[in-house]
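Morning, everyone. Please have the sequence and the model open while I talk.

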Amino acid sequence: MRAGWTAAFLTPDPAAPVDLRAEAARFCTGAGLAALYGLALGTREGGVSLLRHAVGVPAALVAVAGLAVPALFIALALFDAPLDPPRVVAASARAAASAGLILAGVAPAAALYVVSSNGEGAAIVAGGLGLVLGGVAGVSRLLRELGAGLAGQSEVRRLATGVVFAGFALFATALAARVWWATLPIFGGVS
Amino acid sequence: MSAQVHAARAATAPSLDVLSRLLRDPAGVAQRCREEDNLGQITATALVAITLGAAVFGGVIGSFRGGVQIGYAAIKIPLALLATLALCTPGFHAFSATLGRAFPLRSVVSLSLAAAARAALVLLASAPVLWLMFDLGLDYHQAALAAAFAYGLAGLAALGVLLRGLGAGKGRVLTALGFVALFFAVAGQTSWILRPYLVRPRTESPPFLRAREGGFGDAVLKSGRSSMGIFDEDLTTHEHSWEEDSYEHAPAAPRSPEPRTWPAVRAVPEAAVPAEGAEGAEGAVPAAPAAPAAPAVRAVPAAPERQEGGL
């Protein structure tokens with residue numbers, strides 16, 4: 001089977017050295033794809049709301065990558081986890097790519113619900129479900145990528161890593177929810 | 001030059017061979033989709049099968065009421081299916097890619113179409129059976145159940161192609177579940193927007209589309225609450241506006257030569273009617289099983305329903 005653009009976007013050659021410029025481009029593409037989901041949510045009100053949602057959805061990816069991932073790296077470093085910063089950056093970019101792809105993929109379905117539902121509740125639930133899916137895809141991809149580099153640790157370190165990962169997942173979820181809650185008009189954020 | 005044009009046309013023309021393979025060899029078709037082998041022919045054949053199969057099935061669903069509803073349903077069911085596929089395919093692509101199957105988009109498109117085509121062929125096969133059942137006197141609820149059963153069979157047939165198309169390996173079931181969940185969510189809303197499909201024979205002038213009211217999610221929520229005995233206060237007004245703008249029920253005229261002696265409809269207070277929600281669900285059942293709950297006072301048939309109109 002021929003590898004398409006998506007394959008190269010999501011799963012670059014793991015043996016290749018990390019190219020920070022390529023990873024930055026991957027992160028930006030992921031954020032751009034997430035913005036498509038924002039546009040879909042903005043179709044309910046239209047106008048400026050399109051722009052606000054298009055900015056608000058990827059804002060959470062930026063917040064998690066900028067605030068939560070460095071904290072995760074520090075916490076893992078405390079347990080002497082064998083991770084170097086470029087690898088963490090690459091893992092973040094790939095996580096953003098996964099989240100963005102899922103969000104862009106479900107954007108047409110979200111737009112259908114957001115535009116055609118009379119009740120605010122249905123639109124909010126539909127919009128929120130897509131964000132949850134994207135968030136789960138992103139966080140699980142990040143932890144999978146980082147976890148793969150931590151194989152062969154002692155039992156104690158593995159347990160500590162697990163606790164740190166769980167804490168990160170919780171923090172990233174709360175942070176993303178806070179950002180979306182504050183910025184997306186569909187959830188009563190800035191309007 | 002003309003030979004090249006001829007070859008290009010042949011590569012994208014619908015083919016009976018592909019149609020046969022869709023039924024007999026779903027694994028082979030799925031593999032061809034994955035390997036991007038002759039996708040033009042697969043997609044063209046699938047589009048024809050979807051349109052034809054769903055239109056015939058829709059016509060049979062519409063024949064429950066008869067008349068203009070046959071045409072309406074024959075147009076709307078393929079439309080709902082194709083619109084659903086169009087809205088779902090990007091999501092299918094994203095799900096499969098993030099769960100370890102980064103197929104090219106064109107493979108996912110052709111696989112989705114092939115699966116839907118197989119489902120449409122099953123609907124086509126079940127159409128005459130359904131028609132006969134309608135003709136033998138199925139009532140509205142039984143007709144809805146029979147249609148839902150046909151949809152279930154078609155869904156299983158489609159799932160066969162989909163699972164084979166995803167191939168073996170980790171994440172296969174999760175990807176398939178993601179596909180099914182997304183498909184149902186989108187199909188539910190699309191069908192909700194395009195309803196009614198199955199209309200009672202006594203309905204005098206069925207609309208092509210109902211007035212916009214709630215949504216699939218709202219209906220599922222309300223029906224769920226109603227089934228637990230919790231009735232929303234706004235249901236009364238909701239139902240009232242619905243009947244005002246959509247339906248004119250003709251007095252039921254007996255289909256048989258002998259006139260009936262019972263009154264065609266009678267008013268029943270809310271408390272006396274079990275709120276199953278299906279009374280208000282005309283047309284929603286085949287494609288969107290959930291429906292709004294019962295109005296405060298509504299008309300219920302006082303006699304066997306399948307007496308007039310129809311086939």
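Where does B:Pro196 lie? It lies in the loop between helix 8 and helix 9 of chain B. Helices here are DSSP runs of H or I, at least four residues, numbered from the N terminus. Look at the bond into that proline. The peptide bond from B:Arg195 to B:Pro196 is cis, with omega near 10°.

Quick ground rules. This is a predicted model, where local features need pLDDT of at least 70 and side-chain atom pairs count only at pLDDT 80 or more, while totals for chains, interfaces and linings use all residues. Residues are numbered from 1 along each chain as its sequence is written, chains are lettered from A and ligands numbered from 1 in the order in which they are written, and side-chain values use heavy atoms, with hydrogens and water left out.

Next, the interface. Chain B and chain A bury about 2100 Å² between them, 63% of it on carbon and sulfur atoms. Buried area is the accessible area (1.4 Å probe) that two parts lose on being put together, summed over both. Chain B puts 26 residues into the contact, and chain A puts in 23 residues. Contact means heavy atoms within 4.5 Å.

How many salt bridges are there between chain B and chain A? The count is 0. A salt bridge needs a side-chain nitrogen of Lys or Arg within 4 Å of a carboxyl oxygen of Asp or Glu. Polar contacts do turn up: 4 residue pairs across the interface, both residues at pLDDT 80 or more. That rule takes a pair of N or O atoms within 3.5 Å; within protein, one must be able to donate a hydrogen and the other to accept it, and residues adjacent in sequence count only if both atoms are side-chain atoms.

On the side of chain B that touches chain A, helix 5 of chain B gives the most, with 8 residues.

Now one helix pair. Helix 4 (residues 85-116) of chain A packs with helix 8 (residues 172-194) of chain B at an angle of about 35°, their axes 10 Å apart. Axes are lines fitted to C-alpha atoms, for helices over the stretch in contact, and angles run from 0 to 180 degrees between N-to-C directions. Among the contact residues are A:Val106 and A:Leu112 from chain A, and B:Leu182 and B:Ile193 from chain B.

Last stop: A:Asp80. It lies in the loop between helix 3 and helix 4 of chain A. Over all chains, the structure holds 11 salt bridges.

How values were computed: Helix = DSSP H or I, 4+ residues; strand = E, 2+ residues; numbered from the N terminus.
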